[in-house]
Amino acid sequence: MVQERTLPKFEVQDGQITRDEGLLLYEDMVLGRLFEDKCAEMYYRGKMFGFVHLYNGQEAVSTGVIRAMRRDYDYVCSTYRDHVHALSAGVPPREVMAELFGKATGCSKGRGGSMHIFSEPHHLLGGFAFVAEGIPVATGAAFTSKYHRDALGDPNADQVTACFFGDGACNNGQFFECLNMAALWKLPIIYVVENNKWAIGMAHERATSQPEIYKKASVFGMPGIEVDGMDVLAVHSVAQEAVARARAGEGPTLIEALTYRFRGHSLADPDELRTSEEKDFWMTRDPIKKLTAYLTEQNLADAEELKAIDQRIQDVLNDAVQFAQTSPEPDSSELHRYIFAED
């Protein structure tokens with residue numbers, strides 16, 4: 001097991017989080033976790049096909065960042081591990097599940113599948129199959145907001161873009177080129193590195209000359225922040241600051257969230273490269289269990305309330321599976337539709 005980095009400490013201040021905020025964050029993380037568990041079940045039952053990359057363990061990053069933004073207004077750009085980002089952004093579970101089943105009722109009309117979740121109404125710019133592919137797209141969205149506000153004089157164009165990618169993407173040219181442009185033009189964007197230690201089967205420390213990714217921000221003159229990606233309250237706090245900074249016209253931020261995926265790279269991955277010691281170390285830091293403990297210790301919620309939320313979400317997901325299974329397949333007559341913009 002590679003020596004683990006010392007995780008940054010975060011202390012919640014009195015009154016920093018209300019009961020309603022805590023329950024919102026809890027519900028969002030549980031939705032992501034149980035959705036992915038349901039995906040695994042459907043995949044192994046032969047109901048879902050292709051590559052499916054699950055997000056279990058990393059929920060604090062998606063929830064902490066996206067729920068610090070404005071739904072259906074700000075932009076979110078994802079990766080091939082995109083289901084939970086979509087849910088946090090507000091895409092209905094029915095539409096995400098139907099997309100995974102390849103149905104016409106899916107948010108990408110059955111054309112995208114697991115790695116290309118997209119929703120224009122929710123300003124979800126898509127999942128991308130290639131590493132670092134979404135970074136230029138997200139940077140372009142941030143430039144659009146900046147252009148509308150500064151060049152076209154629209155005072156309401158203050159959208160912020162959150163761009164998610166993994167540690168493996170930080171060795172790609174798009175990462176460096178886009179961070180440079182974003183810094184030069186002070187674009188309203190947050191670059192979020194979900195450092196889960198492994199780029200498919202390559203250990204992060206073996207692939208980069210500077211494993212502490214947040215330090216790379218200094219080269220571009222932008223803030224670089226290291227955060228415990230297994231603590232949703234810590235992620236939410238730094239995300240709120242980065243969003244406020246971007247919306248105020250002060251430019252981009254690079255956030256490195258130290259996190260861990262509890263499953264293999266994809267559901268086809270036997271996950272034999274990671275040691276049991278490493279997995280056990282990170283499993284004890286489950287972000288949902290951590291938030292549960294905080295909410296109950298601070299008397300913001302009790303165990304029965306949280307259990308009721310779990311059951312309600314499970315009912316929502318059972319409904320989503322039923323919806324996906326009974327939805328129609330895309331019509332073959334529309335094979336060439338949605339290749340180009342139609343309106």
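The following questions and answers concern a predicted model of one protein chain.

Reader: How many helices and strands are there in the chain, and how compact is the chain for its length?
Author: The chain holds eleven helices and seven strands. For 343 residues the globule rule gives 20 Å, and the radius of gyration of the chain is close to that value, so the chain is as compact as a globular protein of that length. The radius of gyration itself is 19 Å.

Reader: What share of the residues in the chain is buried?
Author: A residue counts as buried when its relative accessible area is under 20%. Applied to the 343 residues of the chain, this cut-off gives a buried share of 52%.

Reader: What share of the contacts with a separation of 6 or more joins residues 24 or more positions apart?
Author: Contact here means heavy atoms within 4.5 Å. Among the contacts in the chain with a separation of 6 or more, the share from residues 24 or more positions apart is 76%.

Reader: Which residues of strand β3 lie on each side, and how many of its residues are buried?
Author: In a regular strand the side chains alternate between the two faces of the sheet. In β3, one side carries Ile189, Tyr191, Val193 and Asn195, while the other carries Ile190, Val192 and Glu194. Both faces are covered. The count of buried residues in strand β3 (residues 189-195) is therefore seven of seven.

Reader: In which sense do β2 and β3 pair, and which residue stands opposite Val192?
Author: Strand β2 (residues 161-166) pairs with β3 over six bridges, and the sense is parallel. Opposite Val192 in β3 stands Phe164.

Reader: Is Ser62 buried or exposed, and which residues are in contact with Ser62?
Author: Ser62 belongs to helix α2 (residues 59-66). Its relative accessible area is 0%, which means that Ser62 is buried. Leaving aside neighbours within four places in sequence, the residues in contact with Ser62 are Tyr55, Arg67, Val84, His85, Ser88 and Phe164.

Reader: How far apart in space are Ser62 and Glu194?
Author: In sequence, 132 residues separate Ser62 and Glu194. Glu194 is one of the buried residues of β3. From C-alpha to C-alpha, the distance between Ser62 and Glu194 is 9.3 Å.

Reader: Why does Gln159 count as buried, and where does Gln159 lie?
Author: Gln159 touches Tyr73, Asp74, Tyr75, Ser145, Pro188 and Arg247, not counting residues up to four places away in sequence. Its relative accessibility is 14%, so Gln159 counts as buried. Its place is the loop between α5 (134-150) and β2.

How values were computed: Residues numbered from 1 in each chain as written. Predicted model: local features only at pLDDT ≥ 70, side-chain atom pairs only at ≥ 80, totals over all residues. Heavy atoms only, no water. Helix = DSSP H or I, 4+ residues; strand = E, 2+ residues; numbered from the N terminus. Rg over C-alpha atoms; globule rule 2.2 N^0.38 Å. Buried < 20%, exposed > 50% of the residue type's maximum accessible area, 1.4 Å probe, protein only. Pairing = 2+ DSSP bridges.
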